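Student: I've just opened this one and could use a hand finding my way around. Can we go through it together?

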Amino acid sequence: MEGTTTLSRITDQAALDPIAEPLSRAIRRAYELAGPAGQYAKNAVHGVWLRHPLHPVFTDLPIGAWTTGLVLDAVATRTHDPAMQRAADVAIGVGLAGAAGAAVTGLTDWSETSGHSRRTGLIHGLLNIAATTLYAAAFVLRKRGARSTGQSVALAGYTIALGAAWFGGDLVYDQRVGVTHAVVDEPESFTAVANSADVPEGAMRRVRRDELDLLIVRQHGQLCALAHSCAHLGGPLSEGTLKDGSVVCPWHGSEFALDDGHVINGPATQGQPCLDVRERVGSIEVKSRG
């Protein structure tokens, strides 16, 4: 428990912000400078096409491959089998390739965080860079015949990678980065949430009733109802930008279609929940689409 508290205190240090903020801004700027192609690439790297963050897909590769490499090294040390040695080298190479993919996707996702999550992600990334650097050195040492030294360096890299994984788990399970924040307790039958006059043409309004927290939009004579909190990190969509057929979150720029909530532009990868909506006797009513 004390160790966990100490690690948490590290990520509360504002001294990390002068490093994190310029780096985050530079990553976002790099995509912006590429124009529409950059936005397309950014969506792909976030995992919009997958409807799931792409970064976790890549993180499994280095940890799995490097764990396999450790096991093969242990067997090779005992049996002195050259085939096992070569297999361990291949496993390390696969892990390095996976680490490259994890770095690109992780940096892109991380650039769209802030505050405590950004600091935690910075430490997570720095530890992974250290682990990958050690594994790259271990790979070179092995190829040069210094297997024993290479194995020791790989073990050091693996230990650091486990520490990085702890911070990654904290980001997901404690800080809910990469987990949808758009959760709505949708009513099974039509429920009045606002007066028709409260949402004029071309307007969007936040409406709350009991457990419901929704964004109601009237555009081109049609009403749309979406969860108010952005799926990415819970940004208030009512404070965002209303476009023709979509709404853009004010925090990180995620764009969602009004009709069905699908992601048009990330960093969000999961769609915004939508409800059926109708007008009746001067009231706007909603219910689950399920």
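Student: Which residue in β8 is the bridge partner of Phe 256?

Tutor: Quick heads-up: this is a predicted model, where local features need pLDDT of at least 70, side-chain atom pairs count only at pLDDT 80 or more, and totals for chains, interfaces and linings use all residues. Residues are numbered from 1 along each chain as its sequence is written, and side-chain values use heavy atoms, leaving out hydrogens and water. Now, strands here are DSSP runs (E, at least two residues), numbered from the N terminus, and two of them pair if DSSP finds at least two bridges between them. Strand β7 (residues 255–257) runs antiparallel to β8, with two bridges joining them, and the β8 partner of Phe 256 is Val 263.

Student: Which strands stand at the edges of the sheet, and why is one side of each left without a neighbour?

Tutor: Four strands make an open, antiparallel sheet in the order β5-β6-β7-β8. Two of these strands have a single partner strand each, so one side has no neighbour in the sheet: they are β5 (241–243) and β8 (263–265).

Student: Is Asp 210 buried or exposed?

Tutor: Asp 210 sits in the loop between β2 and β3, and its phi is positive, near 55°. Buried means under 20% relative accessible area, exposed over 50%, and partly exposed in between (1.4 Å probe, protein chains only). Asp 210 has 74% relative accessibility, so it counts as exposed.
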